[in-house]
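Please look through the following structure with the sequence beside it.

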Amino acid sequence: MLYREAGQFKTSYLADSAIFPIRQDRIGIALILAIAFVGVPLVATPYFFSAILIPFLILSLAAIGLNILTGYAGQLSLGSAAFMAVGAFASFNFIARIPGIPMLVAFAAGGLVAAAVGIVFGLPSLRIRGFYLAVATLAAQFFIIWFLTKVPWVTNYNASGVITAQPIVILGYRFDSPPAKYLLVLSIVALMALAAKNMTRGNLGRKWMAIRDMDVAAEVIGIPQMRTKLLAFAVSSFYCGVAGALFAYAYLGTVEPEAYNLDLSFRILFMVIIGGVGTILGSFLGSAFIVLTPIVLNTTVTWLDAHTPVHIPASAGSNLEVVVFGVLIIAFLILEPHGLARLWSIGKEKLRLWPFPH
Amino acid sequence: MKLIKTLLLGAVAACALATTPSYAQQFIPILSYRIGPYAAGGSGYFGGAIDYFNLVNSQGGINGVKLVWEECETEYNAARGVECYERLKTRNGGASTVDPLSTGIAYGLIDRVAQDKIPMTTFGYGLGASADGNVFRWVFPLGTTYWDQVAAMVAYLEQKEGGAGKLKGKKIAYMYHDSAYGKEPIGTLDALAAKNGFEVIKIPITPPGTTQESQWLQVRQQKPDYVILWGFGVMNPVALKTAAKTGFPREKIVGVWWAGSEEDVIPAGTAAKGYVSAAFSAPGTSFPVMQDIKTKLYANGKGNLEDPARIGSIYHTRGVVYGILITEAIRKAQDKFGKGKVMTPEQVRWGLEHIDLTDARIKELGAAGMFPPVKTSCSDHEGSGMVKFQVWDGNAFKPVTGFMAGDRALVRKLVEESAAKYAADKKITPVDCSKEN
Amino acid sequence: MSFFFEVLIGGLLSGVMYSLVALGFVLIYKASGVFNFAQGTMVFFAALTFVGFTELGLSFWAALPATLAAMVVLGLVIERGVLRPLVNQPQISLFMATIGLAFLLEGLSQLLWGSEVRGLDIGIPDEPIAWISDRFGLNISRFDLSAALIAAVLVIALALFFSRTRIGRALRAVADDHQAALAVGIPLQQIWAIVWGVAGAVALVAGLLWGARNGVQYALTFVALKALPVLMLGGLESIPGAIVGGLIVGASEKLAEVYIGPYVGGGIEGWFPYVLALVVLLFRPEGLFGEKIIRRV
């Protein structure tokens with residue numbers, strides 16, 4: 001049924017180390033991008049754009065960021081939302097304080113500030129490992145949110161301590177309709193996802209994986225531990241920072257620091273684990289799962305209540321959603337502990353043999 | 001695999017079927033939260049609102065127009081709230097008005113409601129500056145904002161001290177939820193302190209506030225005359241308990257309305273006795289409208305609260321008052337744009353801007369004394385600014401004052417300044433209200 | 001100076017309350033290497049179940065064993081339904097599974113007992129002990145002191161259980177090496193069920209004390225956030241570490257809030273224990289009492 005990976009021969013190392021070495025994959029990616037850029041805008045409703053697609057893409061980007069750190073470099077972090085907050089608040093200040101700065105430059109600069117903060121909070125990773133490090137990153141989560149709440153300068157002395165995202169204007173075009181915002185977010189996410197895929201495939205990604213698998217061994221074979229780990233923190237925080245800025249500018253509009261709370265950090269971690277640790281595809285799948293599941297559950301419960309004789313009181317319904325969500329997480333982990341991305345590759349394998357499995 | 005497949009198929013089917021046909025009815029999306037740390041507030045408030053809507057419908061609706069609503073669980077989470085809003089805003093012919101009862105979600109909706117032209121009410125919370133209708137066309141902090149509330153608190157303390165000017169030289173500790181919500185009234189409080197000559201000590205409490213020994217020991221050390229408690233959720237009972245533990249008299253604590261429900265004081269047990277909090281609706285089941293809800297809805301099993309003991313509780317009555325204000329706004333709009341017709345969101349907005357609930361009208365609605373008169377206008381989206389103070393006697397909240405307001409002129413000045421700054425940041429041209437009708 | 005002592009003692013006593021929650025984490029991590037994120041929810045679950053039973057008409061002393069039984073059953077079910085299918089999976093998957101578990105328990109408990117906020121009175125007044133206030137001018141709450149006493153009893157009981165009983169020794173063997181323990185015939189799954197049962201019991205004690213102080217409501221799950229820095233400081237697998245860590249965190253966060261807080265705008269309690277633990281970890285990467293991990297290539 002599906003294509004086979006065998007039989008495509010490379011004649012140069014360059015071809016062998018391409019991002020997508022298999023022709024069908026390249027076609028597949030091109031197809032997906034074409035659908036995302038052209039197909040989706042033709043059919044999607046405003047609700048789909050602004051309530052599902054935009055947050056899905058933004059959170060995918062954050063999940064890619066965390067996946068670089070956790071999945072590739074093996075450093076568990078519970079502070080992703082704080083780095084997103086840094087990106088958002090830094091971008092806000094760049095735009096508010098430097099008149100005429102291009103929006104995209106401000107987002108990138110916001111990401112760079114997040115990267116710098118990420119390096120600082122990544123320093124302990126040189127000594128601390130595993131769950132200890134995870135709890136240590138909580139220090140970043142709580143400290144950064146406290147800092148943003150406490151220092152009036154970062155919100156430009158707003159009386160309520162919130163930032164109000166300026167309208168997104170790029171080259172004179174105002175991105176304020178949902179499809180326009182979607183296309184902007186999609187372009188940024190697609191570019192950065194490709195960059196991530198490229199990074200993890202090359203020298204840097206292999207260094208990260210070596211550190212992840214055993215840092216002492218990696219150091220022995222000449223991979224500088226400090227530089228590699230800190231670089232992972234920096235790149236990861238950059239991705240989170242840009243995602244955070246988009247979260248404020250393309251999604252929420254007016255945000256308080258509290259919007260980037262521990263809960264969000266956890267949700268991003270769920271995406272990485274459920275999607276698949278150490279895969280870029282997994283970040284998208286995980287994000288889709290975490291964004292969509294509560295919505296589907298909520299719709300299902302409301303629908304059951306309205307259209308069937310079963311009467312579900314509102315609070316029981318809400319609790320039921322949480323229960324089912326928890327069960328789904330456990331069920332997924334038991335069925336496939338390596339995440340949705342692995343499920344995808346198993347599915348591909350099965351389809352390849354179909355209809356004659358033996 | 002099979003399991004996942006069936007699950008996914010089921011989900012897709014559910015999505016497809018969930019789109020309901022639209023009726024010509026007045027649709028109000030309900031962004032509620034019935035789970036999570038603030039569930040008590042959400043279930044009581046939205047339960048009250050739904051009870052009142054049901055009552056209106058059972059009496060023939062608003063001039064024959066029935067109200068319909070759909071609920072969506074937000075879990076008090078900004079991102080989920082935005083999704084709920086986007087999901088519900090086009091249902092059943094479009095949303096008339098929305099109230100998320102969450103400052104974080106309200107922030108996420110401010111831009112959206114202006115773009116979608118759907119009025120949002122933030123009944124007793126949200127941005128203080130949004131009382132300025134010239135800038136915030138689509139936002140209505142009905143009743144009171146936090147700024148007016150803190151002003152009323154100061155007025156109450158002044159009254160307690162024996163009249164105007166008596167707060168001079170006094171010390172007030174402001175203990176607050178360390179978040180945008182807790183910081184909101186600080187500017188107003190500082191301005192009031194400068195004007196009235198009292199000192200403010202600000203003591204932030206890190207959310208969620210499950211332990212507060214250090215904060216209350218600071219209170220013990222600094223010996224303020226009064227404490228203003230600006231808490232939320234679990235922070236409130238813990239504050240009262242810790243105050244008892246460190247020996248600060250509860251009679252000298254004044255709480256914000258988020259710290260003044262049964263759910264806030266019952267867990268504190270005897271430690272809460274004598275504690276005073278602000279409210280902008282009076283609790284109880286003695287009002288005719290509450291009696292109607294009890295006899296016409298709950299007696300027939302149509303009530304929304306699961307625990308009938310909560311009928312007439314603070315959050316429940318507050319929800320009922322919200323229901324009254326919304327239906328009255330729609331009624332007002334119908335008076336202008338056609339009785340018995342379904343109002344568009346623009347028309348509802350006009351109605352919200354022209355609410356005029358006098359004491360007589362409130363009495364007609366069977367709610368005399370339940371809430372203060374409300375009169376909104378193009379530039380004043382707040383309409384009242386009055387709160388009532390009530391003391392917890394161990395079993396129930398008993399009123400200690402009538403509805404009263406603080407220094408509204410000062411607050412209005414701050415509102416206008418802040419709104420002007422917002423307009424400049426967002427590049428909004430304020431509307432000239434003198435040209436509106 | 002007496003104010004300083006008051007802050008210090010208040011801090012130490014609230015630290016004990018953190019230790020109670022941290023103990024549950026330690027027990028499970030020690031025996032199975034699982035970082036049980038659902039511990040906070042288990043505290044909530046236990047308290048809510050207890051209150052639920054009393055609302056059904058059970059007396060305090062009848063509700064206590066009933067809840068205990070419920071917590072043990074819960075432990076058995078978790079072992080059977082979540083841990084056993086995930087045996088030998090990476091730690092992060094197990095961690096994630098406990099997060100799923102936290103959602104499940106959170107919804108389930110409120111489905112069963114409703115989500116209203118309840119008060120809980122366990123008969124110990126939370127007021128200053130008069131004769132200490134009179135003699136030394138220090139306010140020390142009877143409740144805090146009782147909590148400290150209960151924690152002490154609990155720790156001694158657990159210590160005896162681990163060192164003196166057959167099951168306890170088997171537990172220590174499992175903690176040292178799963179495979180070796182299996183090889184000498186220790187029933188791993190039974191041991192895990194027992195540990196989760198004991199952790200459930202500890203959660204019940206913590207739930208009662210915290211519930212009496214804060215009211216029984218969803219926010220009880222947040223007490224886990226107070227326990228995490230305690231765990232880091234004390235070490236993930238040390239019971240004495242949980243106690244010492246709790247005392248250090250409690251005392252230092254209160255002192256910091258009172259003496260440093262006012263200079264930086266206050267509210268530093270939320271992050272201070274984490275930063276403190278971080279600094280300690282830089283010198284001792286496995287916490288004060290954690291097992292030293294020797295890494296070889």
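This is a predicted model: local features need pLDDT of at least 70, side-chain atom pairs count only at pLDDT 80 or more; totals for chains, interfaces and linings use all residues.

Two strands are taken to pair if DSSP finds at least two bridges between them. Strands of a sheet pair through backbone hydrogen bonds, either parallel or antiparallel. At one end of the order, S13(B) runs antiparallel to strand S12 (residues 388–392) of chain B, and three bridges join the two. Within this pairing, B:Gln390 has B:Pro399 of S13(B) as its bridge partner.

Taken along the principal axes, the box that the C-alpha atoms of chain B fill is roughly 65 × 60 × 45 Å. Of the 437 residues in chain B, 63% are buried. Among the contacts in chain B with a separation of 6 or more, 70% are between residues 24 or more positions apart.

How is chain B divided by its domain assignment? The assignment gives domain 1, made of 24–144 + 284–375, and domain 2, made of 148–279 + 388–408. The C-alpha centres of these two domains of chain B lie 28 Å apart. Where the domains touch, eleven residues from domain 1 of chain B and 16 residues from domain 2 of chain B take part in the contact. On the side of domain 1 of chain B that touches domain 2 of chain B, six residues are nonpolar, five are polar and none is charged.

Some details of the backbone of chain B also deserve attention. Most residues other than glycine have a negative phi, and most peptide bonds are trans. The bond that joins B:Pro207 and B:Pro208, however, is a cis peptide bond, with omega about 0°, and B:Pro208 is found in the loop between S6 and helix H8 (213–222) of chain B. B:Asn92, which is not a glycine, has a positive phi of about 50°, and its place is in the loop between helix H3 (78–88) and helix H4 (103–116) of chain B. B:Leu101 is found in the loop between H3 and H4 of chain B, and B:Leu101 likewise has a positive phi, near 50°, in a residue other than glycine. B:Asn92 counts as buried because it has 20 C-beta neighbours inside 10 Å, and B:Leu101 is buried because 29 other C-beta atoms lie within 10 Å.

The contacts of chain C may be followed next, beginning with chain B. Here 34 residues of chain C are in contact with 36 residues of chain B. On the side of chain C that touches chain B, helix H1 (2–32), helix H9 (188–214), helix H10 (223–234) and helix H11 (239–259) of chain C each supply at least two residues, and the largest share, six residues, comes from H1(C). By class, this side of chain C has nine nonpolar, 15 polar and ten charged residues.

Towards chain A, 37 residues of chain C are in contact with 35 residues of chain A. The elements of chain C that give two or more residues to the side that touches chain A are helix H4 (91–113), H10 and helix H13 (272–283). H4(C) gives the most to this side, with 14 residues. The residues on the side of chain C that touches chain A divide into 26 nonpolar, nine polar and two charged.

Finally, in chain A itself, A:Pro21 has its place in the loop between helix H1 (13–16) and helix H2 (23–43) of chain A. A:Pro21 counts as partly exposed, with 14 C-beta neighbours inside 10 Å. A:Pro21 and A:Phe9 are twelve residues apart in sequence, and their C-alpha atoms are 9.8 Å apart in space.

Terms used. Residues are numbered from 1 along each chain as its sequence is written. Chains are lettered from A and ligands numbered from 1 in the order in which they are written. Two residues are in contact if their C-beta atoms, placed from the backbone, lie within 7 Å. Helices (H or I, at least four residues) and strands (E, at least two) are DSSP runs, numbered from the N terminus. Ala, Val, Leu, Ile, Met, Phe, Trp, Tyr, Cys and Pro count as nonpolar, Asp, Glu, Lys and Arg as charged, and the others, Gly among them, as polar. A residue is buried if 20 or more other C-beta atoms lie within 10 Å of its own, exposed if 12 or fewer, and partly exposed in between; C-beta atoms are placed from the backbone. Domain bounds come from an automatic or database domain assignment.
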